[in-house]
Amino acid sequence: MSAETQGRIGNWRFRFRVWRWQRPFWAGLLTILAGGPIAYFPYAHLNLGGLTLAMATTAGAGSLIIGVLLVVLGLTMWFQAVARVFAGVATIMLSLVSLVVSNIGGFLMGFLLGLIGGALAVAWGPGARPVEDPEHPSWLPKLPEPSADDAGSERDGPAHEEAAHAAEHTAEANGRNSAG
């Protein structure tokens, strides 16, 4: 792999990571996965040896609608993060309805994934951006301010020397930590 290819892959991974942290990603993924078993099992035909089991029920259309709505709600969580509370509550409600309509909520798989995904969507909140203090960048260690009582007693001790050494070596090389 060339350096250019590695740079493109690294750039894509970084952009995906930034995108993922700006929305309830895992809630959306679990909700999308919940739609699968709920919509699939009413239409499934299982073959056990020479015997074919048809899981078709009269509520097959309802199961398909619930499964498709769960997939749409998962995509809504990803692409419209401001609607996350609505999408989360709707996901929980549809998961509860799937217990009755769709073969015990896709044999409890879709039901549980939907409940967890909906709860994660409701609980998720965007993180606060760190405020940069121009006088004290975040990469510098914060040293305690000396008080008037400590005029000469602790300044000559080992704690003061360690703090001065850390501040001196941390600020070197454009903010990069030095190795020694």
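## Helix packing in a predicted model

Take the contacts in this protein between residues at least 6 apart in sequence (contact meaning heavy atoms within 4.5 Å): 66% of them join residues at least 24 apart. This is a predicted model, in which local features need pLDDT of at least 70 and side-chain atom pairs count only at pLDDT 80 or more, while totals for chains, interfaces and linings use all residues. Residues are numbered from 1 along each chain as its sequence is written, and side-chain values use heavy atoms, with hydrogens and water left out.

**Overall layout**

- The protein has seven helices and two strands; helices (H or I, at least four residues) and strands (E, at least two) are DSSP runs, numbered from the N terminus.
- Reading from the N terminus, the order of elements is α-α-β-β-α-α-α-α-α.
- Of its 180 residues, 26% count as buried. Buried means under 20% relative accessible area, exposed means over 50%, and partly exposed is in between (1.4 Å probe, protein chains only).

**Helix 2 against helix 3**

- Two packed helices are described by the angle between their axes and the distance between the axes. Here the axes are lines fitted to C-alpha atoms, for helices over the stretch in contact, with angles running from 0 to 180 degrees between N-to-C directions.
- For helix 2 and helix 3, the axes come within 8 Å and cross at roughly 165°.
- Helix 2 and helix 3 are therefore roughly antiparallel to each other. The cut-offs are under 35 degrees for roughly parallel, over 145 for roughly antiparallel, 65 to 115 for roughly perpendicular, and oblique for the rest.
- Their crossing is left-handed, a label used if the near helix is turned anticlockwise from the far one by less than a right angle (right-handed if clockwise).
- On the helix 2 side, the residues that meet helix 3 include Phe25, Gly28, Thr31, Ile32, Gly35 and Ile38. Their partners in helix 3 include Ser63, Gly67, Leu70, Gly74, Met77 and Trp78.

**Thr31, a residue to look at in helix 2**

- Thr31 sits in helix 2 and, at 0% relative accessibility, counts as buried.
- Leaving aside neighbours within four places in sequence, Thr31 is in contact with Leu70, Leu73, Gly74, Met77, Thr91, Gly117 and Gly118.

**Helix 3, face by face**

- Helix 3 has 20 residues, which at 1.5 Å a residue should span 28 Å; its end C-alpha atoms are 29 Å apart, which agrees. The expected span is 1.5 Å times one less than the number of residues.
- Its buried residues are Gly60, Ser63, Ile66, Gly67, Leu70, Leu73, Gly74, Met77 and Trp78.
- Seen down the axis of helix 3, these buried residues fall within an arc of 150°, so they line one face of the helix. The arc is that of the directions from the helix axis to the C-beta atoms.
- Ile65 and Phe79 are exposed on the other side of helix 3.

- The 18 residues of helix 4 (residues 84–101) should span 26 Å at 1.5 Å a residue, and its end C-alpha atoms are 25 Å apart, which agrees.
- Buried in helix 4 are Arg84, Ala87, Gly88, Ala90, Thr91, Leu94, Ser95 and Ser98.
- Those buried residues fall within an arc of 165° seen down the axis of helix 4, so they line one face of the helix.
- Just after helix 4, Asn103 takes a positive phi of about 45°.

- The buried residues of helix 6 are Gly110, Phe111, Gly114, Gly117, Gly118 and Ala121.
- They cover an arc of only 140° around the axis, which puts them on the same side of helix 6.
- These residues pack against helix 2, helix 3, helix 4 and helix 5.
- Helix 4 and helix 6 pack at an angle of about 160°, with their axes 8 Å apart. That makes helix 4 roughly antiparallel to helix 6.
- Helix 4 passes helix 6 in a left-handed crossing. Among the residues making the contact are Arg84, Gly88, Thr91 and Ser95 of helix 4, and Phe111, Gly114, Gly118 and Ala121 of helix 6.

**Tyr43, out in a loop**

- Tyr43 lies in the loop between helix 2 and strand 1 (45–48), and is partly exposed, with a relative accessible area of 42%.
- Not counting residues up to four places away in sequence, Tyr43 touches Gly60, Ala61 and Leu64.
- Tyr43 and Ser63 are 20 residues apart in sequence and 9.3 Å apart in space, C-alpha to C-alpha.
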